[in-house]
Amino acid sequence: MNKSEDLHGNVPDQFPIALLIIDMINDLEFPNGGRFLKPSVKAAKQIAALKQRSRDLNIPVIYINDNFGRWRSDFKEVVEHCLKDGVRGQPLAELLYPASDDYFVLKPKHSAFFATTLDTLLKYLNVKHLILTGISADICILFSAKDAYMREFGLSVPGDCLAADTTLHTKMALTYMERVLRADTTHSSKLDLESLSRNVLSAAG
């Protein structure tokens, strides 16, 4: 892929697809957070495997995260909080500890796009297709998918890489995203990243 000539050289190789990991660095210390733990750990294991496959192909990995009201913190501090403060969500941070060359975006609301730098980052990475993973399937993932669709990104939302407070809520969100937003909900193990990249490049140009 070509090197980006923008953002003062701080964005490396361009790529047609990107993996978004949404709200998985999460302390789960909120009402009903306990209901998220088991499905979120299950999803985190699948996301970790998908992330490794993505990195092997130089697909950009972007962590999108709430700051949980910690307005004076940065992403590194959020990670350390989840790892060291004895919080419910510690296993998620252990499974999905960010690498030094992963990207991160802090968001103030549900959508990964609302009042964030994500649009700019995706533009300079030349991304056309997004793989959305994380929690909660029926809130932050769904809101992000809607905003991505309106921006004409292609969407993959692997069903085994999502979690919500109930299985029903996850299934309902997946059904909606597949029907209305034309998202591919193929499970991550069956997602052919190399073919997807070639197909996106071919469609773009």
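The questions and answers below concern a predicted model.

Colleague: What share of the contacts in the protein chain with a separation of 6 or more comes from residues 24 or more positions apart?

Modeller: As to burial, 50% of the 205 residues of the protein chain count as buried. As to contacts with a separation of 6 or more, the share from residues 24 or more positions apart is 78%.

Colleague: Are helix 5 and helix 6 roughly parallel or roughly antiparallel to each other?

Modeller: Helix 5 (residues 137-150) and helix 6 (residues 167-180) pack with their axes 10 Å apart, at an angle of about 10°. Angles under 35 degrees count as roughly parallel. Helix 5 and helix 6 are therefore roughly parallel.

Colleague: How many nonpolar, polar and charged residues does the contact of helix 5 with helix 6 have?

Modeller: From helix 5, the residues that meet helix 6 include Ile141, Leu142 and Tyr149. Among their counterparts in helix 6 are Ala173, Tyr176 and Met177. By class, this contact of helix 5 with helix 6 has nine nonpolar, two polar and two charged residues.

Colleague: Is serine 144 buried or exposed?

Modeller: Serine 144 has its place in helix 5. Leaving aside residues up to four places away in sequence, serine 144 touches Ile22, His110, Ser111, Ala112, Phe113 and Leu132. The C-alpha atoms of serine 144 and phenylalanine 113 are 6.6 Å apart, although the two are 31 residues apart in sequence. With a relative accessible area of 0%, serine 144 is buried.

Colleague: What kind of aromatic pair do phenylalanine 30 and phenylalanine 36 form?

Modeller: The count of aromatic pairs comes to four. For phenylalanine 30 and phenylalanine 36, the centres are 5.5 Å apart and the angle between the planes is 75°, which makes the pair edge-to-face.

Colleague: Why is the pair of tyrosine 63 and phenylalanine 75 called tilted?

Modeller: The ring centres of tyrosine 63 and phenylalanine 75 are 5.8 Å apart, and their planes stand at 45°, so the pair is tilted. The pair links distant parts of the chain, with tyrosine 63 in strand 2 (residues 61-66) and phenylalanine 75 in helix 2 (residues 75-84). Tyrosine 63 is buried at a relative accessible area of 0%, and phenylalanine 75 is buried at 5%. The value behind the term tilted is the angle of 45°.

Colleague: Which residue joins isoleucine 135 through a cis peptide bond?

Modeller: Omega of this bond is about -10°.

Colleague: Is leucine 28, a residue with a positive phi, buried or exposed?

Modeller: Phi of leucine 28 is near 55°, a positive value in a residue other than glycine. Leucine 28 is found in the loop between strand 1 (17-22) and helix 1 (33-56). At 0% relative accessibility, leucine 28 counts as buried.

Colleague: What is the relative accessible area of alanine 115?

Modeller: Alanine 115 has a positive phi, near 55°, and lies in the loop between strand 3 (103-107) and helix 4 (118-125). Alanine 115 is exposed, with a relative accessible area of 60%.

Notes. Residues are numbered from 1 along each chain as its sequence is written. This is a predicted model: local features need pLDDT of at least 70, side-chain atom pairs count only at pLDDT 80 or more; totals for chains, interfaces and linings use all residues. Side-chain values use heavy atoms; hydrogens and water are left out. Axes are lines fitted to C-alpha atoms, for helices over the stretch in contact, and angles run from 0 to 180 degrees between N-to-C directions. Helices (H or I, at least four residues) and strands (E, at least two) are DSSP runs, numbered from the N terminus. Angles under 35 degrees count as roughly parallel, over 145 as roughly antiparallel, 65 to 115 as roughly perpendicular and the rest as oblique. Contact means heavy atoms within 4.5 Å. Ala, Val, Leu, Ile, Met, Phe, Trp, Tyr, Cys and Pro count as nonpolar, Asp, Glu, Lys and Arg as charged, and the others, Gly among them, as polar. Rings of Phe, Tyr and Trp (its six-membered ring) pair if their centres lie within 6.5 Å; planes under 30 degrees apart count as stacked, over 60 as edge-to-face and the rest as tilted. Buried means under 20% relative accessible area, exposed over 50%, partly exposed in between (1.4 Å probe, protein chains only).
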